[in-house]
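User: I am new to this structure and would like to learn how to read its features one at a time. Could you take me through them, giving the general idea before the case at hand?

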Amino acid sequence: MIDVAVIGAGPGGLSAAVSALQRNKSVTIFGRSIDSGLLFSAKEVDNYLGMPNMTGEDMLNAFFSHAINKGAEFKECRVSQILSMGDYFMINAENEFFEAKTIILALGVNKSRTIKGEEELIGKGVSYCATCDGMLYRNKDVFVVGETTEGEAEANYLASIGCNVSYIPLYKDLIHIDDKVNIIRGKAKSVLGNEYVEGIVVNGEEKQCNAVFFAKKTMPVASLMFGLETENNSIKVDRNMCTNITGVYACGDCTGAPFQVSKAVGEGLVAALSAAKYIEDNQK
Ligand SMILES: Cc1cc2nc3c(=O)[nH]c(=O)nc-3n(C[C@H](O)[C@H](O)[C@H](O)COP(=O)(O)OP(=O)(O)OC[C@H]3O[C@@H](n4cnc5c(N)ncnc54)[C@H](O)[C@@H]3O)c2cc1C
C-alpha cells in the first residue's frame, strides 16, 4: 500500500512528494502530463526565491526531476474517484485501482464549468466515472458529454455493458466510437430532474435519460471525493492542510488564493508533514 498518494503533479504536489519522501514515506504522484500543468505555460517566473528569470517549463521540470530522483513514482493519468475505505483509500486512476494510507490533493485551480442541474444531481444520475457507476444504468438511456477524447472510452464502455448511449463530443475529431453509440453534435445546456436525472437539454431540445456522464479535463472536487468540504469553490483546509476527511490533505491553488508557486510549495510541505505524522501516529 502507498503511504502518501499525491493527486496532481504541479508545484504543490511535487513539493508534497519531496517532503513526504524526506520523512521516509513511499509516494506515488498521480497526475496528468507535466506539460499540461498551469506553470508550464508561464514564459517567465521572477518571484520564486532563489530561482529568478526562470521559464515555467524549466521550473516545473526541475521540481519534477527532484521528486522523481528522490524516489517518487509517477503515474500519468486522470484520477476520477477516491473512495474512503475506513482506514485507507482507494484511488481510481483510469480504471486501475490503487490503495493508499493518506491522500494529498494538489489539483490546481478548479477550472471546471458546470451546466445547470449538474452539481445538484451528482450521485443522483450525474457521474464522472463510467466504471464506478455504469452498471446502475444497464439497459437504460444514458448520455455522455465528452470535453476530451477520454469521453469516447467512457461511452464505449457504457455501450459494452448494455446501456443505450448517446455521445455529445465537445471537440471536433472523433478517434474511436463504438457503432452502438448514437452521436449527437451540439451543446448540452442543462441536466433535468429533481430527485434523480430525468433528462438533458441538447440543442434546445429535451431528451429523456436516466444518467449523464461527463468526461472533463478537471472535475468538480465534490465528485472526486464524496463528502469533501469546499468553500468558494476551493477545498477547505486548516493550518495543517487537513481537510474535513481524516487522512486527506490539500495544498496549492486548489485551497484558494493567492495562486502562486511559493504558496503551493509551502502548503505542499505542510500537507506532507501532516500526512507523515498521521501515518506515524497510526502505527503506534
Ligand atoms: C501564464 C501563467 C503565469 C504564471 N506566473 C506565475 C508567476 O510568475 N509566479 C507565481 O508564483 N505563479 C505564477 N503562476 C501561477 C502558478 O502557476 C500556480 O500558482 C501554481 O502552478 C499552482 O500549483 P499547484 O500545484 O497548486 O497547481 P497546478 O500547477 O495547477 O497543478 C495541478 C496539477 O494537477 C493536475 N490534476 C488536476 N486534477 C487532476 C486529476 N483528477 N487527476 C490527475 N491530475 C489532476 C492538473 O492537470 C495539474 O497538472 C502563473 C500561472 C500561469 C497560468
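**Reading the features**

Analyst: Let us begin with a position in the chain: proline 258 is found in the loop that runs between strand 17 (248-250) and helix 6. Please keep in mind throughout that this is a predicted model.

User: Which residue is joined to proline 258 by a cis peptide bond, and what is omega there?

Analyst: The general idea is that most peptide bonds are trans, and that most residues other than glycine have a negative phi. In this structure, the bond between alanine 257 and proline 258 is cis, with omega at about 0°.

User: Where does asparagine 95 lie, and is it buried or exposed, or in between?

Analyst: Asparagine 95 sits in the loop between strand 5 (89-93) and strand 6 (96-105), and its relative accessibility of 41% makes it partly exposed. Its phi is positive, about 75°, although asparagine 95 is not a glycine. Asparagine 203 also has a positive phi, near 50°, and is likewise a residue other than glycine; it belongs to the loop between strand 12 (199-202) and strand 13 (205-208), where it counts as partly exposed at 47% relative accessibility.

User: How many aromatic pairs does the structure hold, and how should I read one of them?

Analyst: A pair of aromatic rings is described by the distance of the centres and the angle of the planes. The structure holds five such pairs, and one of them joins phenylalanine 64 to phenylalanine 74, with 5.0 Å from centre to centre and 85° between the planes, an edge-to-face arrangement. Because phenylalanine 64 belongs to helix 2 (residues 56-70) and phenylalanine 74 to strand 3 (residues 73-76), the pair ties together parts that are 10 residues apart in sequence. As for accessibility, the cut-off for buried is under 20%, so phenylalanine 64, at 18% relative accessible area, is buried, whereas phenylalanine 74, at 26%, counts as partly exposed.

User: Which lysine lies over the face of phenylalanine 214?

Analyst: That residue is lysine 216, which is placed 5.2 Å from the ring centre of phenylalanine 214.

User: Where is lysine 25 found, and which side chain does it contact?

Analyst: Lysine 25 is in the loop between helix 1 and strand 2, and its relative accessibility of 10% means that it counts as buried. Its side chain makes a polar contact of 2.8 Å with the side chain of glutamate 280.

User: How many residues surround the ligand, and which are the closest?

Analyst: The ligand is surrounded by 30 residues, the closest being Gly12, Asn47, Val79, Asp253 and Val261. When the shell is sorted by class, there are 15 nonpolar, 11 polar and four charged residues. Helix 1 (11-22), strand 2 (27-31) and helix 6 (261-283) each provide at least two residues of this shell.

Key:
Residues numbered from 1 in each chain as written. Predicted model: local features only at pLDDT ≥ 70, side-chain atom pairs only at ≥ 80, totals over all residues. Heavy atoms only, no water. Near = heavy atom within 4 Å. Helix = DSSP H or I, 4+ residues; strand = E, 2+ residues; numbered from the N terminus. Nonpolar A, V, L, I, M, F, W, Y, C, P; charged D, E, K, R; others polar. Phe/Tyr/Trp six-rings, centres within 6.5 Å; stacked < 30°, edge-to-face > 60°. Buried < 20%, exposed > 50% of the residue type's maximum accessible area, 1.4 Å probe, protein only. Lys NZ or Arg CZ within 6 Å of the ring centre and 35° of its normal. Polar contact = N/O pair within 3.5 Å; in protein donor to acceptor, adjacent residues only side chain to side chain.
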